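Visitor: I have a structure open and would like to learn how to read it. Can you take me through some features?

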Amino acid sequence: RDDCVHTLIFVTTDEGVTGLGSVFTNVDLVKSSLAQLEPLYLGENALEPERVSEKLHQHMFWLGRGGSITHTISGIDIALWDILGKATGQPIGRLLGGRYRDRVRAYASVLMEAPALLAENLQNLKEQGFRAFKIGWGPFGRHSHALDEDIVRTAREAIGPELLLMVDAGGSDAFWDNGYKWALRTARMLAEYDVAWFEEPLKADALQDYILLRQNAPVPISGGEVFTRRQSVLPWLQAGAFDIVQPDVTKVGGISEERRIAWMAEENGIRFIPHGWNTAVGLAADLQLASAFAATDLVEYLTGSPYVDEIADEAWALDEEGMLPIPDSPGLGLSLNMEAVAKYSAE
(Lines give C-alpha, C1' and ligand atoms only; values in the text may rest on other atoms or scores of the structure.)
Protein backbone atom coordinates (compact mmCIF):
# COMPACT_ATOMS: atom_id res chain seq x y z
CA ARG A 1 0.00 0.00 0.00
CA ASP A 2 2.75 2.43 0.89
CA ASP A 3 4.66 2.44 -2.41
CA CYS A 4 2.20 1.04 -4.94
CA VAL A 5 2.61 2.62 -8.37
CA HIS A 6 -0.60 1.18 -9.83
CA THR A 7 -4.03 2.78 -9.67
CA LEU A 8 -7.33 1.31 -10.86
CA ILE A 9 -9.96 3.63 -12.28
CA PHE A 10 -13.60 3.10 -13.17
CA VAL A 11 -15.29 5.04 -15.97
CA THR A 12 -19.07 5.19 -15.62
CA THR A 13 -21.73 6.16 -18.14
CA ASP A 14 -25.26 7.51 -17.88
CA GLU A 15 -26.43 4.18 -19.36
CA GLY A 16 -25.08 2.36 -16.30
CA VAL A 17 -22.15 0.68 -18.09
CA THR A 18 -18.81 0.78 -16.27
CA GLY A 19 -15.36 0.25 -17.76
CA LEU A 20 -12.18 -0.81 -15.97
CA GLY A 21 -8.84 0.93 -16.42
CA SER A 22 -5.38 0.65 -14.88
CA VAL A 23 -2.75 3.39 -14.57
CA PHE A 24 0.98 2.93 -13.99
CA THR A 25 1.13 5.86 -11.55
CA ASN A 26 0.34 6.31 -7.87
CA VAL A 27 -3.09 7.42 -6.74
CA ASP A 28 -2.23 11.02 -5.82
CA LEU A 29 -0.83 11.78 -9.26
CA VAL A 30 -3.79 10.06 -10.93
CA LYS A 31 -6.27 12.13 -8.90
CA SER A 32 -4.48 15.33 -9.88
CA SER A 33 -4.42 14.29 -13.53
CA LEU A 34 -8.12 13.39 -13.50
CA ALA A 35 -8.92 16.81 -12.06
CA GLN A 36 -7.13 18.46 -15.01
CA LEU A 37 -8.77 16.17 -17.55
CA GLU A 38 -12.32 16.24 -16.16
CA PRO A 39 -13.60 19.22 -18.17
CA LEU A 40 -12.49 17.41 -21.33
CA TYR A 41 -13.98 13.96 -20.68
CA LEU A 42 -17.10 14.73 -18.65
CA GLY A 43 -20.14 14.15 -20.85
CA GLU A 44 -18.11 12.71 -23.73
CA ASN A 45 -19.25 9.76 -25.85
CA ALA A 46 -17.90 6.62 -24.18
CA LEU A 47 -18.32 4.62 -27.40
CA GLU A 48 -15.52 6.51 -29.16
CA PRO A 49 -12.33 5.63 -27.26
CA GLU A 50 -9.75 6.65 -29.86
CA ARG A 51 -11.31 10.06 -30.54
CA VAL A 52 -11.83 10.83 -26.86
CA SER A 53 -8.29 9.75 -25.93
CA GLU A 54 -6.79 11.77 -28.77
CA LYS A 55 -8.78 14.79 -27.60
CA LEU A 56 -7.26 14.38 -24.12
CA HIS A 57 -3.73 14.05 -25.54
CA GLN A 58 -4.11 17.06 -27.81
CA HIS A 59 -5.29 19.34 -25.00
CA MET A 60 -2.43 18.36 -22.67
CA PHE A 61 0.47 19.69 -24.78
CA TRP A 62 0.96 22.67 -22.45
CA LEU A 63 0.52 20.75 -19.20
CA GLY A 64 3.08 18.05 -19.85
CA ARG A 65 2.96 15.50 -22.65
CA GLY A 66 3.87 12.10 -21.26
CA GLY A 67 4.32 11.29 -17.59
CA SER A 68 1.41 11.01 -15.20
CA ILE A 69 -1.05 12.80 -17.48
CA THR A 70 -0.50 10.30 -20.30
CA HIS A 71 -0.44 7.39 -17.86
CA THR A 72 -3.86 8.49 -16.61
CA ILE A 73 -5.22 8.84 -20.13
CA SER A 74 -4.05 5.24 -20.60
CA GLY A 75 -6.41 4.07 -17.87
CA ILE A 76 -9.30 6.10 -19.28
CA ASP A 77 -8.69 4.67 -22.75
CA ILE A 78 -8.62 1.07 -21.52
CA ALA A 79 -11.89 1.66 -19.67
CA LEU A 80 -13.53 3.21 -22.75
CA TRP A 81 -12.62 0.18 -24.85
CA ASP A 82 -14.07 -2.01 -22.09
CA ILE A 83 -17.29 0.01 -22.25
CA LEU A 84 -17.43 -0.20 -26.05
CA GLY A 85 -17.03 -3.97 -25.86
CA LYS A 86 -19.75 -4.29 -23.24
CA ALA A 87 -22.11 -2.04 -25.18
CA THR A 88 -21.64 -3.99 -28.41
CA GLY A 89 -21.39 -7.43 -26.85
CA GLN A 90 -17.94 -8.02 -28.37
CA PRO A 91 -14.43 -8.72 -27.01
CA ILE A 92 -12.04 -5.83 -27.54
CA GLY A 93 -9.81 -7.94 -29.80
CA ARG A 94 -12.63 -8.28 -32.31
CA LEU A 95 -13.30 -4.54 -32.17
CA LEU A 96 -9.62 -3.95 -32.92
CA GLY A 97 -10.07 -5.75 -36.22
CA GLY A 98 -10.31 -9.43 -35.45
CA ARG A 99 -8.93 -12.28 -33.36
CA TYR A 100 -5.94 -14.20 -34.70
CA ARG A 101 -5.88 -16.49 -31.66
CA ASP A 102 -7.99 -17.51 -28.69
CA ARG A 103 -5.05 -18.31 -26.40
CA VAL A 104 -1.50 -17.03 -25.98
CA ARG A 105 1.64 -18.19 -24.18
CA ALA A 106 2.21 -16.41 -20.88
CA TYR A 107 5.79 -15.97 -19.75
CA ALA A 108 6.46 -15.88 -16.01
CA SER A 109 8.16 -12.62 -15.15
CA VAL A 110 10.30 -12.81 -12.00
CA LEU A 111 12.91 -10.67 -10.31
CA MET A 112 16.40 -12.13 -10.23
CA GLU A 113 17.70 -13.41 -6.93
CA ALA A 114 20.76 -15.25 -5.69
CA PRO A 115 21.17 -18.30 -7.96
CA ALA A 116 19.90 -20.91 -5.48
CA LEU A 117 16.73 -18.93 -4.67
CA LEU A 118 16.14 -18.18 -8.34
CA ALA A 119 16.40 -21.86 -9.26
CA GLU A 120 13.82 -22.84 -6.65
CA ASN A 121 11.43 -20.11 -7.80
CA LEU A 122 11.72 -21.08 -11.47
CA GLN A 123 11.24 -24.76 -10.72
CA ASN A 124 8.07 -23.95 -8.77
CA LEU A 125 6.75 -21.85 -11.67
CA LYS A 126 7.55 -24.64 -14.11
CA GLU A 127 5.51 -27.00 -11.94
CA GLN A 128 2.64 -24.48 -12.09
CA GLY A 129 2.61 -24.86 -15.86
CA PHE A 130 4.68 -21.97 -17.22
CA ARG A 131 6.69 -22.80 -20.33
CA ALA A 132 8.41 -19.44 -20.79
CA PHE A 133 10.29 -17.32 -18.26
CA LYS A 134 11.84 -13.87 -17.96
CA ILE A 135 14.31 -13.05 -15.20
CA GLY A 136 15.02 -9.40 -14.51
CA TRP A 137 16.67 -6.68 -12.48
CA GLY A 138 17.97 -7.75 -9.03
CA PRO A 139 21.78 -8.07 -8.94
CA PHE A 140 22.17 -8.54 -12.70
CA GLY A 141 24.64 -6.07 -14.19
CA ARG A 142 25.24 -4.54 -10.80
CA HIS A 143 28.08 -6.68 -9.39
CA SER A 144 30.17 -8.76 -11.78
CA HIS A 145 30.09 -10.55 -15.11
CA ALA A 146 30.76 -13.82 -13.28
CA LEU A 147 27.63 -13.40 -11.14
CA ASP A 148 25.58 -12.46 -14.20
CA GLU A 149 26.61 -15.65 -15.96
CA ASP A 150 26.03 -17.73 -12.84
CA ILE A 151 22.46 -16.39 -12.64
CA VAL A 152 21.73 -17.14 -16.30
CA ARG A 153 23.35 -20.58 -16.17
CA THR A 154 21.32 -21.44 -13.07
CA ALA A 155 18.09 -20.27 -14.71
CA ARG A 156 18.73 -22.31 -17.85
CA GLU A 157 19.51 -25.42 -15.82
CA ALA A 158 16.39 -24.91 -13.69
CA ILE A 159 13.96 -24.75 -16.62
CA GLY A 160 15.77 -27.09 -18.99
CA PRO A 161 16.98 -26.64 -22.56
CA GLU A 162 13.64 -26.57 -24.38
CA LEU A 163 11.74 -23.75 -22.66
CA LEU A 164 11.97 -20.02 -23.44
CA LEU A 165 14.28 -17.89 -21.29
CA MET A 166 14.52 -14.09 -21.50
CA VAL A 167 16.75 -11.68 -19.54
CA ASP A 168 15.84 -8.12 -18.49
CA ALA A 169 18.76 -6.02 -17.27
CA GLY A 170 16.52 -3.15 -16.11
CA GLY A 171 18.41 -0.36 -17.81
CA SER A 172 15.65 2.11 -16.93
CA ASP A 173 16.68 1.81 -13.27
CA ALA A 174 17.88 5.03 -11.67
CA PHE A 175 21.54 5.77 -12.44
CA TRP A 176 22.07 2.66 -14.56
CA ASP A 177 25.72 2.94 -15.58
CA ASN A 178 26.36 0.03 -17.95
CA GLY A 179 26.99 1.06 -21.53
CA TYR A 180 27.28 -0.38 -25.01
CA LYS A 181 30.42 -2.47 -24.47
CA TRP A 182 29.00 -4.10 -21.33
CA ALA A 183 25.75 -4.82 -23.15
CA LEU A 184 27.50 -6.36 -26.16
CA ARG A 185 29.71 -8.57 -23.99
CA THR A 186 26.69 -9.65 -21.97
CA ALA A 187 24.64 -10.34 -25.10
CA ARG A 188 27.35 -12.70 -26.31
CA MET A 189 27.21 -14.54 -23.01
CA LEU A 190 23.41 -14.77 -23.16
CA ALA A 191 23.59 -16.30 -26.63
CA GLU A 192 25.51 -19.23 -25.15
CA TYR A 193 22.46 -20.02 -23.01
CA ASP A 194 19.95 -19.66 -25.86
CA VAL A 195 18.31 -16.55 -24.38
CA ALA A 196 15.35 -15.46 -26.52
CA TRP A 197 15.84 -11.72 -25.98
CA PHE A 198 17.88 -9.20 -23.98
CA GLU A 199 15.62 -6.52 -22.52
CA GLU A 200 16.56 -2.97 -21.50
CA PRO A 201 20.33 -3.50 -21.52
CA LEU A 202 21.03 0.24 -21.86
CA LYS A 203 19.79 3.54 -20.49
CA ALA A 204 16.28 4.32 -21.65
CA ASP A 205 17.36 7.30 -23.79
CA ALA A 206 20.50 5.78 -25.36
CA LEU A 207 19.12 5.57 -28.89
CA GLN A 208 22.45 5.40 -30.75
CA ASP A 209 23.80 2.70 -28.45
CA TYR A 210 20.62 0.65 -28.94
CA ILE A 211 21.03 0.91 -32.71
CA LEU A 212 24.64 -0.31 -32.48
CA LEU A 213 23.72 -3.09 -30.08
CA ARG A 214 20.90 -4.38 -32.26
CA GLN A 215 23.25 -4.43 -35.24
CA ASN A 216 25.97 -6.37 -33.42
CA ALA A 217 24.38 -8.46 -30.66
CA PRO A 218 23.83 -12.19 -31.32
CA VAL A 219 20.48 -12.14 -29.45
CA PRO A 220 17.35 -10.04 -30.11
CA ILE A 221 17.21 -6.68 -28.28
CA SER A 222 13.98 -5.44 -26.71
CA GLY A 223 12.76 -2.35 -24.86
CA GLY A 224 10.33 0.52 -24.85
CA GLU A 225 8.38 0.05 -21.63
CA VAL A 226 9.07 3.60 -20.46
CA PHE A 227 7.74 5.33 -23.57
CA THR A 228 4.54 7.36 -23.60
CA ARG A 229 2.57 8.02 -26.81
CA ARG A 230 3.33 6.67 -30.27
CA GLN A 231 5.35 9.77 -31.18
CA SER A 232 8.03 8.79 -28.66
CA VAL A 233 8.34 5.27 -30.05
CA LEU A 234 8.37 6.02 -33.77
CA PRO A 235 11.99 7.30 -34.04
CA TRP A 236 13.24 4.12 -32.35
CA LEU A 237 11.30 1.91 -34.73
CA GLN A 238 12.44 3.84 -37.79
CA ALA A 239 16.07 3.78 -36.62
CA GLY A 240 16.06 0.02 -36.04
CA ALA A 241 16.86 0.25 -32.33
CA PHE A 242 14.81 -2.81 -31.31
CA ASP A 243 14.07 -6.31 -32.48
CA ILE A 244 11.09 -6.32 -30.10
CA VAL A 245 9.14 -3.29 -28.86
CA GLN A 246 7.39 -3.54 -25.49
CA PRO A 247 5.05 -0.64 -24.70
CA ASP A 248 3.02 -0.82 -21.49
CA VAL A 249 -0.69 -0.33 -22.05
CA THR A 250 -1.14 1.28 -18.62
CA LYS A 251 1.31 4.10 -19.37
CA VAL A 252 1.82 4.47 -23.15
CA GLY A 253 -1.66 5.90 -23.78
CA GLY A 254 -3.85 2.83 -23.47
CA ILE A 255 -5.11 0.38 -26.06
CA SER A 256 -5.55 3.09 -28.71
CA GLU A 257 -1.90 4.16 -28.63
CA GLU A 258 -0.54 0.64 -28.19
CA ARG A 259 -2.44 -0.54 -31.25
CA ARG A 260 -0.88 2.21 -33.36
CA ILE A 261 2.58 1.32 -32.07
CA ALA A 262 1.96 -2.33 -32.93
CA TRP A 263 1.00 -1.34 -36.47
CA MET A 264 4.15 0.77 -36.83
CA ALA A 265 6.26 -2.09 -35.48
CA GLU A 266 4.83 -4.45 -38.07
CA GLU A 267 5.63 -1.97 -40.85
CA ASN A 268 9.24 -1.75 -39.63
CA GLY A 269 9.81 -5.49 -39.22
CA ILE A 270 9.79 -5.37 -35.41
CA ARG A 271 7.91 -7.71 -33.08
CA PHE A 272 5.31 -6.28 -30.70
CA ILE A 273 5.13 -7.98 -27.28
CA PRO A 274 3.44 -5.93 -24.53
CA HIS A 275 5.16 -5.04 -21.28
CA GLY A 276 2.92 -6.29 -18.49
CA TRP A 277 4.41 -5.48 -15.08
CA ASN A 278 1.16 -3.97 -13.77
CA THR A 279 -2.27 -5.38 -12.81
CA ALA A 280 -4.98 -7.85 -13.78
CA VAL A 281 -6.61 -5.07 -15.81
CA GLY A 282 -3.39 -4.51 -17.74
CA LEU A 283 -3.04 -8.25 -18.33
CA ALA A 284 -6.63 -8.42 -19.62
CA ALA A 285 -5.87 -5.57 -22.05
CA ASP A 286 -2.67 -7.32 -23.18
CA LEU A 287 -4.61 -10.51 -23.89
CA GLN A 288 -7.03 -8.62 -26.10
CA LEU A 289 -4.17 -6.90 -27.93
CA ALA A 290 -2.40 -10.25 -28.39
CA SER A 291 -5.53 -11.63 -30.00
CA ALA A 292 -5.57 -8.81 -32.55
CA PHE A 293 -1.95 -9.08 -33.81
CA ALA A 294 -0.79 -12.15 -35.66
CA ALA A 295 2.84 -12.04 -34.46
CA THR A 296 2.15 -11.25 -30.78
CA ASP A 297 2.50 -14.77 -29.41
CA LEU A 298 3.58 -13.93 -25.84
CA VAL A 299 2.26 -11.88 -22.92
CA GLU A 300 4.03 -11.01 -19.69
CA TYR A 301 2.64 -12.49 -16.47
CA LEU A 302 3.89 -10.78 -13.30
CA THR A 303 4.21 -13.63 -10.80
CA GLY A 304 3.58 -13.39 -7.08
CA SER A 305 1.54 -10.18 -7.27
CA PRO A 306 -1.89 -9.88 -5.61
CA TYR A 307 -2.62 -7.08 -8.11
CA VAL A 308 -2.66 -9.77 -10.80
CA ASP A 309 -3.51 -13.01 -9.01
CA GLU A 310 -6.04 -11.93 -6.39
CA ILE A 311 -8.06 -8.98 -7.65
CA ALA A 312 -9.44 -10.84 -10.68
CA ASP A 313 -12.83 -12.34 -9.87
CA GLU A 314 -11.95 -15.50 -11.77
CA ALA A 315 -8.48 -16.97 -11.30
CA TRP A 316 -6.13 -17.02 -14.27
CA ALA A 317 -5.49 -20.59 -15.42
CA LEU A 318 -2.77 -21.90 -17.73
CA ASP A 319 -3.58 -24.84 -19.97
CA GLU A 320 -1.31 -27.88 -20.35
CA GLU A 321 0.87 -26.01 -22.86
CA GLY A 322 1.40 -22.96 -20.67
CA MET A 323 -1.12 -20.87 -22.58
CA LEU A 324 -3.67 -18.40 -21.21
CA PRO A 325 -7.13 -18.34 -22.77
CA ILE A 326 -8.13 -14.98 -24.25
CA PRO A 327 -11.67 -14.11 -23.11
CA ASP A 328 -14.26 -13.80 -25.86
CA SER A 329 -16.81 -12.21 -23.54
CA PRO A 330 -17.63 -8.50 -23.99
CA GLY A 331 -14.97 -5.86 -23.41
CA LEU A 332 -11.90 -6.89 -21.45
CA GLY A 333 -13.66 -10.04 -20.32
CA LEU A 334 -12.64 -9.24 -16.74
CA SER A 335 -14.53 -8.61 -13.54
CA LEU A 336 -12.87 -7.68 -10.26
CA ASN A 337 -13.08 -9.17 -6.80
CA MET A 338 -13.91 -5.96 -4.97
CA GLU A 339 -13.09 -7.41 -1.56
CA ALA A 340 -9.56 -8.11 -2.76
CA VAL A 341 -9.36 -4.67 -4.38
CA ALA A 342 -10.31 -3.11 -1.04
CA LYS A 343 -7.82 -5.29 0.81
CA TYR A 344 -4.91 -4.10 -1.27
CA SER A 345 -5.98 -0.49 -1.72
CA ALA A 346 -4.81 2.54 0.21
CA GLU A 347 -8.14 4.24 -0.41
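This is a predicted model: local features need pLDDT of at least 70, side-chain atom pairs count only at pLDDT 80 or more; totals for chains, interfaces and linings use all residues.

Visitor: Let us start inside. How many cavities of 30 Å³ or more does the structure hold?

Guide: First the general idea. Rolling a probe the size of a water molecule over the atoms shows where empty space is left. In this model there is one cavity of 30 Å³ or more.

Visitor: Is Glu200 buried or exposed?

Guide: Buried means under 20% relative accessible area. Glu200 has 2%, so it counts as buried.

Visitor: Which value does phi take at Trp137?

Guide: Phi of Trp137 is near 55 degrees, again a positive value in a residue other than glycine. Trp137 sits in the loop between strand 4 (132–136) and helix 7. Its relative accessible area is 25%, so Trp137 is partly exposed.

Visitor: On to helix pairs. At roughly what angle do helix 7 and helix 8 cross?

Guide: For a pair, read the approach, the angle and the hand, then the residues. Helix 7 (residues 145–159) and helix 8 (residues 180–191) have axes that come within 11 Å and cross at roughly 30 degrees. The crossing is right-handed. Helix 7 brings His145, Asp148, Glu149 and Val152 to the contact. Helix 8 brings Trp182, Arg185, Thr186, Met189 and Leu190. Sorted by class, that contact of helix 7 with helix 8 has four nonpolar, two polar and three charged residues.

Visitor: And which hand does the crossing of helix 11 and helix 12 have?

Guide: Helix 11 and helix 12 cross in the right-handed sense. Their axes come within 11 Å, at roughly 35 degrees. From helix 11, Ile255, Glu258 and Arg259 meet Ala285, Asp286 and Leu289 of helix 12. These contact residues divide into three nonpolar, no polar and three charged.

Visitor: Stay with helix 12. Is Ala280 buried or exposed?

Guide: Ala280 lies in helix 12, which runs over residues 280–292. Its relative accessibility is 0%, so Ala280 counts as buried.

Visitor: What does Ala280 touch, beyond residues up to four places away in sequence?

Guide: Tyr307, Val308, Ile311, Ala312, Trp316 and Leu334. For a distance along the chain, take Phe293: it is 13 residues from Ala280, and their C-alpha atoms are 20 Å apart.

Visitor: Last, a strand residue. How far apart are Pro325 and Arg105 in sequence and in space?

Guide: Compare the two scales. In sequence, 220 residues separate Pro325 and Arg105; in space, C-alpha to C-alpha, the separation is 8.9 Å. Pro325 belongs to strand 11 (residues 323–325). Leaving out residues up to four places away in sequence, Pro325 touches Asp102, Arg103, Leu287 and Ala317. With 48% relative accessibility, Pro325 counts as partly exposed.

Terms used
Residues are numbered from 1 along each chain as its sequence is written. Side-chain values use heavy atoms; hydrogens and water are left out. Helices (H or I, at least four residues) and strands (E, at least two) are DSSP runs, numbered from the N terminus. Buried means under 20% relative accessible area, exposed over 50%, partly exposed in between (1.4 Å probe, protein chains only). Contact means heavy atoms within 4.5 Å. Axes are lines fitted to C-alpha atoms, for helices over the stretch in contact, and angles run from 0 to 180 degrees between N-to-C directions. A crossing is left-handed if the near helix is turned anticlockwise from the far one by less than a right angle, and right-handed if clockwise. Ala, Val, Leu, Ile, Met, Phe, Trp, Tyr, Cys and Pro count as nonpolar, Asp, Glu, Lys and Arg as charged, and the others, Gly among them, as polar. On a 1 Å grid over the protein atoms alone, a cavity is a set of points where a 1.4 Å probe fits but cannot get out, and a pocket is an open set with protein on both sides within 12 Å along at least five of seven lines; lining residues have an atom within 4 Å of a point. Grid points are joined across faces, edges and corners, and a volume is the space filled by probe spheres set on the points.
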